[in-house]
Amino acid sequence: MRRTLLLALSILLSSISLAAAAEIHVGPGGDDANPGTADRPVQTLAAAQRLARLRAGKEPVQVLIREGVYYLPETLVFTPDDSGTAEAPVTYAAAPGAEVVLSGGLRLALAWKPYRDGIYQAATPAGLRMDQLFVDGVRQHMARYPNFDPDDAVYNGYAADAFSKERAANWKNPAGGYIHAMHRHRWGGYHYRITGKNDAGEVTYEGGWQNNRQMGMHGSHRFVENIFEELDAPGEWYHDAGADTLYFYPPDGIDLGAAAVEVVRLRRLVEFRGSQESPVKFVNLRGITFRHAARTFMDTREPLLRSDWTIYRGGAVFYEGAEDCELADCTFDQVGGNTVFVNNYNRRIAVRGCLISDSGGSGVCFVGDPGAVRNPLFEYGQRQSLDGIDRTPGPKTDNYPADCLVEDCLIRRTGRVEKQSAGVQISMARRITVRHCSIYELPRAGINISEGTWGGHLIEYCDVFDTVLETHDHGSFNCWGRDRFWGLHNAPDDKLPELALLDAVETTVIRNSRWRCDHGWDIDLDDGASNYHVYNNLMLRGGLKFREGFHRIGENNIMVGDSFHPHVWYADSRDVFRRNIVFTQYRPIRVSAPWGKEVDYNLLHQPNAETAPAAILRSQSGRDEHSIIADAMFVAPARADYRVREGSPALGLGFESFAMDRFGVRSPRLRAVARTPDLPEAPAPAERQPAEEARQEWQGAVVAPLEGEAYSAFGVGREDGGIHLVRVPPGSRAARAGLRTNDVVQKINGQPVQTLDQLMAAPQPAAGRPLRIDYVREQRAARLEMAGDR
């Protein structure tokens, strides 16, 4: 009902005639002393805003912005004084046919002269600070090592020796440079500001707070930038602020004498600043291009709830305390941080028809106030007890975004700087709709929902692919639900299904969308994610994962080349998986049969196969009594049409075909430039589960190597590896030392054990010489000693 009202309101606003609105005209050739009429326009948006306020709320107001680049001297801030009404909205729009750019930067007039080796230099205004340089509208690269490589997916080039002592020996003064590095397990990244070198010649730095699961940098996925001595490739630049000098190595074809050279100043270009008590209402932005917002990665430090995310609450367009405002048909071009940020209390904010490209951070963020969460925890390893939590369902306050919309948007190549980012990020919010969006070429998830707080979201008709390109252990859609119930001490098992709904109070629906993730899962419902209904989805590569949550329904989905991935389920998960078409057998990890509430009426597709009971699925799930192996009889898979033909055995199981031509953006402007995913060439083989013959005995425990998805299930990186304790019988030496079933042993006496051969070759405990064992339990590292026999 709320979504219907939101749509109706949007149609009402869009239908208001421009002719009926009071018009205020802005143009580069205007004068702020003018009245803002068509023949006497004002020159700046600030002047237009002053005139619009005189009429706001009394009649519809159209601020028509003529073609040009408007360099904002400061953030344009809308307050309750700017508000319109449902009948009389205030709209700032590009004039018909005009290309309007709002810039948070500054155009420089420079006198270039040769420096050396193809590099040019120019004096800059005194005191100028800059973190991005644009030449003829294209963002250039800070001087970096290794050099920018467009064909390298990770950081566009990385090196283990990026800031080694040997490398730094060539740097006179690296202070002010930056280190960018992946998380050890590639769960996002870190950023550091270089402060100099110590007496030993080693680089010193500060930062690393951008990831909430502190495990250190990746050993090789790292690079440095803003180092003068690394200025050695076309497209690189370095600004010596102390000497007010800019150095630039222009790429071929650039005439520096005629080129437009711009730098970035502002973090936020436009801000809506109200409150729940006094919101900004009915102020719309339409048809505008936003450029030149500053990078903010060193300010990304506020942890979100029990995750590896931290957040910077800011964006090129920022909303806080707004209602019924629309951002429509706009373009965001290479902004440095988050693009659109909807912060804390907001209601019915619509982002519609927008093109978001090459942003440094996330595309559109909806993030609420942790103060609205009951019993919030922030560190992944934190736990609480049943008798210590508030059992009131839902939020404590209304200080969060709700009933908002992202529709018909093309979001591509975001996360250029910050790898813990998403096309759409939702955290501590309620009833957010993401519809008809095309999202691709991202380092991490296309759509990410942090926590179950408070659900009710709707994801539909989206096309999300080419994701998790730089990181690991994620999905094109990713979520988790580490809410009050998750890891709760002293909670009886039979209470957990009820407790899981304390925060995930409304069902989140994912439907009628197409997904492809070649480096993870297509749809990944991770730790604790609960109260989801996933149906009518076409998954092209990574399948569907459910991990340790409750009340999930997966039905009427197609998993091309892949299957269902149940990981680490509760005994009474109440999960349902029915009437789906899978291409391989299931891929369970640490799930005991029978699975969930219902697993049945599924079809294991095998081309040209005779219809037969799916014995393999039944043996895995302990259910699937009516599931079959058969040819699904798809209409035209080579053309991405996975509807089933009349007579398909799937129809007899209750499967219903769904539309294959409604994914992604709809507007002609965006469809003309949007890509669609590559189609799978052949079904991907299932990753082999550790075979019985691969298991051995160690210290009385049954052990096996980690393989395939087991790394994710146990929360360890492939670089660290480990040995899975499949079964630790009571009384065994392993049990007496404190090890348990499903622990992962990673080191013995400081030496890694990644294979069974390494484990068997490790020392044995002896009297007076215990073994020091490093292991992982429930994704947390720990250490114990194993004593020898006396």
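Reply: In the hairpin of strand 18 and strand 19, four residues lie between the strands, and Asp244 takes a positive phi near 50°. Keep in mind that this is a predicted model.

Me: How many bridges join strand 18 to strand 19, and which way do they run?

Reply: Strand 18 (residues 236-240) and strand 19 are joined by four bridges and run antiparallel. Tyr238 stands opposite Tyr247 in strand 19.

Me: What joins strand 9 to strand 19?

Reply: Four bridges, again with the strands antiparallel; strand 9 covers residues 119-123. Ala122 has Leu246 of strand 19 as its bridge partner.

Me: Are the faces of strand 19 covered or open?

Reply: Both faces of strand 19 (residues 245-248) are covered. Thr245 and Tyr247 are buried on one side, and Leu246 and Phe248 are buried on the other. In a regular strand, side chains alternate between the two faces of the sheet.

Me: Switching topic. What is the strand order in the open sheet of four strands?

Reply: The order is 7-20-10-11, and the pairing is antiparallel. Strand 7 (105-108) and strand 11 (138-139) each have a single partner strand because they stand at the edges, so one side of each lacks a neighbour in the sheet.

Me: How many bridges pair strand 10 with strand 11?

Reply: Two bridges, in the antiparallel sense, with strand 10 spanning residues 133-135. Val135 has Val138 in strand 11 as its bridge partner.

Me: How exposed is Asp136?

Reply: Asp136 is partly exposed, at a relative accessible area of 47%.

Me: And where is His551?

Reply: His551 sits in the loop between strand 48 (544-547) and strand 49 (552-555). The phi of His551 is positive too, near 60°.

Me: Last topic, cis peptide bonds. Which residues does one join, with omega about -5°?

Reply: Tyr145 and Pro146. Pro146 has its place in the loop between strand 13 (144-145) and helix 3 (165-168). A cis peptide bond also joins Ala593 and Pro594, with omega about 0°.

Me: Where is Pro594 found?

Reply: In the loop between strand 53 (581-582) and strand 54 (598-600).

Methods:
Residues numbered from 1 in each chain as written. Predicted model: local features only at pLDDT ≥ 70, side-chain atom pairs only at ≥ 80, totals over all residues. Heavy atoms only, no water. Pairing = 2+ DSSP bridges. Buried < 20%, exposed > 50% of the residue type's maximum accessible area, 1.4 Å probe, protein only.
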